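Morning, everyone. Here is the model I want to walk through today.

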Amino acid sequence: MEEMIVVDGNKAAAWGAVLSRPMMVAAYPITPQTPLVEYLSQFIADGVLDADLVEVEGEHSALSVLQGASLAGGRVFTGTSGQGLAFMFEPYIRTAPLRLPIVMVIATRDGISPQCVWGGQQDAVTVRDGGWIQIYVENNQEILDTVIMAYKIGEDPEILLPVNVCYDGFYLSHMSEAVKIPDQTLVDRFLPPYKPTHVKLDPETPMAVDPLTPGILFTQYRQGHLEAQEKAKAVIERVDEEFGHLFGRSYGGLVENYRMEDAEIALVAMGSPCGTGKVAIDRIREKGVKAGLVKVRSLRPFPRERLLDSLKGVKAIGVIDKNVCFGWGTGVLYVELSAALQSLSVPILDFIGGLGGSDITFDHFEFAMNRVLRAMKEEVTQTVHWFSLD
Amino acid sequence: MSVFNQLAIHPEKCNNCLDCETACARIKTGTKNPTRSRIRTIKNLREPYYGPVVCLQCTEPDCLNICPSGAIHKNPETGIVSIDEERCVRCLLCTLVCPYSGIFYSAKDKKVIKCDLCDGDPECVKVCEPGALQFLKHAETYREWASKEDLFSPGLSACMGCNSELIIRFSLRILGKNTILATPPGCIPGFGAVGYSDTAGARVPIFHPLLSNTAAMLAGIKRYYQRMGREVNVVAFAGDGGTADVGFQSLSGAVERGENILYICVDNEGYMNTGIQRSGTTPFGAWTTTTPVGKTSKGKTRESKNLPMIMVMHGAPYVATASAAFLGDYGQKLKKAMKVKSGVAYIHLFSPCPTGWRFPPEKTIEVSRLAVETNFFPLWEYEKGALRFTHPVEHPRPVEEYLRGIGKYSHLNKKQVDEIKRISEKRYGMLKTLMQK
């Protein structure tokens, strides 16, 4: 029996963790993730979650403690944001090559300087090459559901990779929505206990973890890691489908297509802007424009086949980037998508906005779609547009 | 448990009275003939030596190994090495290979003779007035450890003279198989403790944490086993850099949270594995490649971080200093540390580095011993809220004796030596003050 509650994104993430039954939570409070740590602490204090709470002195230790517990064989949970993720970077880039299926939510936040505590996806996209799976979600229900799915994906014996569930700081972390809490017995059926054998520190089965590893063997490890990322594409789709069968909600797996069937123009976005984007699509369709939206859920692995499939019929594309890609003069999603769509000769525009907590409004979407419509007919003179600045 | 006892010799006390020879001949043969004694007094070998020689009942006796007729046995219960006369072919090879010259041929008896410790009450010890002979009954402690399985692989490739290999092999004998080891980047994994390629360096679970997160990772492992209801020793062998510098925050957090881990800092006073750079525990005046000796400065200009004392003040329930020159002392401390249940047990192990400190590799233990005997590195422990010296040195040797043999101090001027003295005395004084309460 599902219960409906009204909670912010951080609490939805906490509920996702509770239902996944981790044996340990270690987290350090940082804006905008802070309430998540408070919620989890209270859940553990109230006995709602039976787990060790490790009140670490920083994010570096948060992930390190969890690496230890995961190496011993435990399922673990954490979350962070912005500078916290930056401070965690050293253990972060080691988690995936160690093949520890840790789940960590990121309440995304923009980078400093200048000083800024507000939303933006810069933190999460900056670590996209740390070897983790990264899934970006649109609303609070999707946060909760994806945390549960993240364990199932990461712990799959073919995958064994850590997963980030990325939700927009403040826009989701602090915004309340109605969220359904899945039934625990159903979640238990969906998500069996984690029992690792691939890497485990146990005196009964002695194992040397991370001996010095020379080049060719090292290269094999990297190759295996990349293969696991590729295989994760199918697993993410399958797990999303299974989740849909059991709970009645699914999210399109790697990519969600919104009104794309006959679309001539498409917007591509990640995270909470997709909500506003879908309304904008509805409105422009009322005016007779055949527009659709593609929501990229998985940035890592990058779903190039699915995107090619979604976008092969369109005549112009606009990418909404809540981040920047230094050195390209664009956003990150623009660069990634352009690489995936090499075989299509359609104009792709980039729209950068929502940085430092600024809004991406309906007007911005309208502006973007007008530019994309123009690109369908005229030669493109400006590829990158900045919301509120252009 | 088998009790292994042993004769110990203090040649400096021997006055060459030969009473031991007489007593041995009397008890074993009923005569006064010293050529039938199982103990002899010798003098003027290559190095000035003057004192009794006798069988030391070796753990792995050369005489036993070389005997072509299988006539020599070591009793597994008593440890005593004995000769089976029926099997002995009188080839005398045993008398030639004994490194202690402790086994003899008696022409009168026409057989090889050796000490059998007189059923645990040696006659020679009773008659030795100056105390040059001692019957050690506590040697069983050492034997007990030595008889335990070596849990490290052979062929660890530490620098010549490094005591870390001795320390980890010795420690694992005490810790046993129910142990998970963390060795952050540094000399210990550097010489192969974790392993290389697809080979493992240890027979227990072992891993490389980051240089910066040893205590945190161990805390996670320990908590997992605590939840599972399993007692597992979760132990770090970390260098001083990973402890005092980049790993300090992680360790401090673990101490504050009362994580039940055993943390051993093997302090060689710098980043030796990467080629001798200074660390927070490099002492004042010491040369390293990043505290070089030049025109404007000569060695490190700051005193070392007093890590074990910081751990005491931090509230760690058990803290001790230790040295490979005093292995028995270290062994007792390790056993105590293993029993701690209320937080981080911390042992700070002094580890002289022949490569980085510039002294001959055969001097490592001597340097370790001098550091203790000059009060440069006093041995103490802190438990149940009280500090005590475990090897009190009331009349320390001058610190110059310690500094003299070590290359990294060879440039020191008098002012710098005085400063080192001042720091040592200050720290020793602080320990004394804290003990007086």
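**Strands first, then helices**

In chain B, strand E15 (residues 318-323) and strand E17 (residues 380-383) run antiparallel, joined by three bridges. Strands (E, at least two residues) and helices (H or I, at least four) are DSSP runs, numbered from the N terminus. Two strands pair if DSSP finds at least two bridges between them. B:Ala320 has B:Glu381 as its bridge partner in E17(B).

Now helix H12 (residues 327-339) of chain B. H12 packs on the sheet and touches E13, E14, E15, E16, E17 and E18 of chain B. Contact means heavy atoms within 4.5 Å. The direction of H12 makes about 160 degrees with that of E15(B). Axes are lines fitted to C-alpha atoms, for helices over the stretch in contact, and angles run from 0 to 180 degrees between N-to-C directions.

A word on the source. This is a predicted model: local features need pLDDT of at least 70, side-chain atom pairs count only at pLDDT 80 or more, and totals for chains, interfaces and linings use all residues. Residues are numbered from 1 along each chain as its sequence is written, chains are lettered from A and ligands numbered from 1 in the order written, and side-chain values use heavy atoms, without hydrogens and water.

The whole sheet is open, with nine strands and mixed pairing. Its order is E9(A)-E12(B)-E9(B)-E13(B)-E14(B)-E16(B)-E15(B)-E17(B)-E18(B). Which strands stand at the edges? Strand E9 (208-209) of chain A and strand E18 (386-389) of chain B. Each has a single partner strand, so one side of each lacks a neighbour in the sheet.
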